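Reader: I'd like to go through the disulfides in this one. Can you put the structure up?

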Amino acid sequence: MEQRTRILLLLSLFIGFVIAAPDSAPAAESRVVDRIGELPGQPLNVGFSQYSGYVTVNRVAGRALFYWLVESTVEGKPLVLWLNGGPGCSSVAYGAAEEVGPFRVGADGNSLMMNPYSWNKLANMLFLESPAGVGFSYSNTSSDLYTAGDQRTAEDAYTFLVNWFERFPEYKHRDFYIAGESYADRLLLHALQVTMFLSCLKSYSGRIRESKILLSDFKGFMVGNAVTDDYHDYVGTFEYWWTHGLISDATYHNLRLTCNYQSSEHPSDECQKALDVADAEQGNIDPYSIFTRPCNSTASLRRNLRGHYPWMSRAYDPCTERHSKVYFNHPEVQKALHANVTGIPYSWETCSDIVGNYWADSPRSMLPIYQELIASGIRIWVFSGDTDAVVPVTATRYSIDALKLPTVINWYPWYDSGKVGGWSQVYKGLTFVTVTGAGHERLWSLGVAQVVTVNSEVSSLTLTPSAPKGFRSIVKGPKD
């Protein structure tokens, strides 16, 4: 009870600070400057407004984070902050251009096509490139790129939100969600914990004015193929590789012997050697979607592992990523996005090798934060594509099982147009959903927005013996 009260207080203070914190720049002036007229190659009459630009998060170091807001086609919809993982990968490259954003980049790298599964049909989507050094986000202190980690990334995300809400005050009273995939699970969970802690400290320094904003404005978070707990992620990943015939019996046993208690960010030499053998045995496959033919050789992906989340090269490499690299490096595109205003001395990349390879702090487990948030009443939806071998469904299931949550609705299939689209289990405080045929990034691009109705209905989600309200248009729940 004491822990629950503490977390509720901290999160309440966070929401209040987000609403009340002052901003040094005039909000009206900033949003006028940030409005996107039209992106090069954009289809005509898209029917929604877009904003993009920078929010300074540390004036001393000169750190500024780049955002892209895509407003909903329907008035009054919630706000969703989208984060991508890596660590060190761009939410513009993946979240916006490949997963849940409004456009897809054409094969020529010059044109944009509408995404029929864009989440802005259901929510206002705020894509954030984080930390500084990723995508268009920058720092005037070059050492920042070599010292990024969970802690500072979370603190900067906190500061970003405080100032961004001042620039867009109409979203202060909207239902608010945070969503992402892969390593973003750690970033968003750590960001929530840091924001609660910092809000508590700042309340005693007098920086928070009294606010009547209720916790109900923050509805919860959802994450796909989440990097959750090093031990259980290792166990589940190695089991997935073995049961799907990707590695030999001997390699499977060696991985379990040498890696099970190792840090995923900083594995031992013995563990790394075993992972290299597994990599060679898997061959030229796309580990992010094992039944999908790679765009071409994946050798370039695997070259840059360097022990950094050993089986994950951080950058998904379908052809669409290459189109994005061409498009977002066009000067006219950057001008339209109000990006690269300082003349960053390097090209825009989907993932930053420097930020990723030098990532500092990375806790081995997010399970304690899950427990804190669940105790506070925050809603959590976890999704998993079942063809992802990077953070596979088995890893996620082992991590969820370690939480020891009571089951509210037992394992059941959900349906899309009369066909099984995956399976779900509802726990007290957490809903787990699998998506059949989906990979790591493709989990979100396969129309998951039609499964997960991120709209006002979700705010009334209750854990009952029927399918959650937001699912009812497709998910029939357990058969009677």
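This is a predicted model: local features need pLDDT of at least 70, side-chain atom pairs count only at pLDDT 80 or more; totals for chains, interfaces and linings use all residues.

Reader: How many disulfides by your rule?

Author: The count is two, where a disulfide is a pair of cysteine sulfur atoms within 2.5 Å.

Reader: Which cysteine pairs with Cys89, and how far apart are the sulfur atoms?

Author: Cys89 pairs with Cys351, at a sulfur separation of 1.9 Å. The two lie 262 residues apart: Cys89 in the loop between strand S3 (79-83) and helix H3 (92-99), Cys351 in the loop between helix H11 (331-336) and helix H12 (353-357). Helices (H or I, at least four residues) and strands (E, at least two) are DSSP runs, numbered from the N terminus.

Reader: Which cysteine does Cys259 bond to?

Author: Cys271, with the sulfur atoms 2.0 Å apart. Here Cys259 sits in helix H7 (residues 249-259) and Cys271 in helix H8 (residues 269-282), twelve residues apart.

Reader: Why is the Cys259 and Cys271 disulfide called right-handed?

Author: Because the torsion about its S-S bond is about 115°. The link of Cys89 and Cys351 is right-handed too, with 100°.

Reader: Changing topic: is Cys259 buried or exposed?

Author: Buried, because its relative accessibility is 0%. Buried means under 20% relative accessible area, exposed over 50%, partly exposed in between (1.4 Å probe, protein chains only). Cys271 is also buried, at 0%.

Reader: And Cys89 and Cys351, buried or exposed?

Author: Cys89 and Cys351 are both buried.

Notes:
Residues are numbered from 1 along each chain as its sequence is written. Side-chain values use heavy atoms; hydrogens and water are left out.
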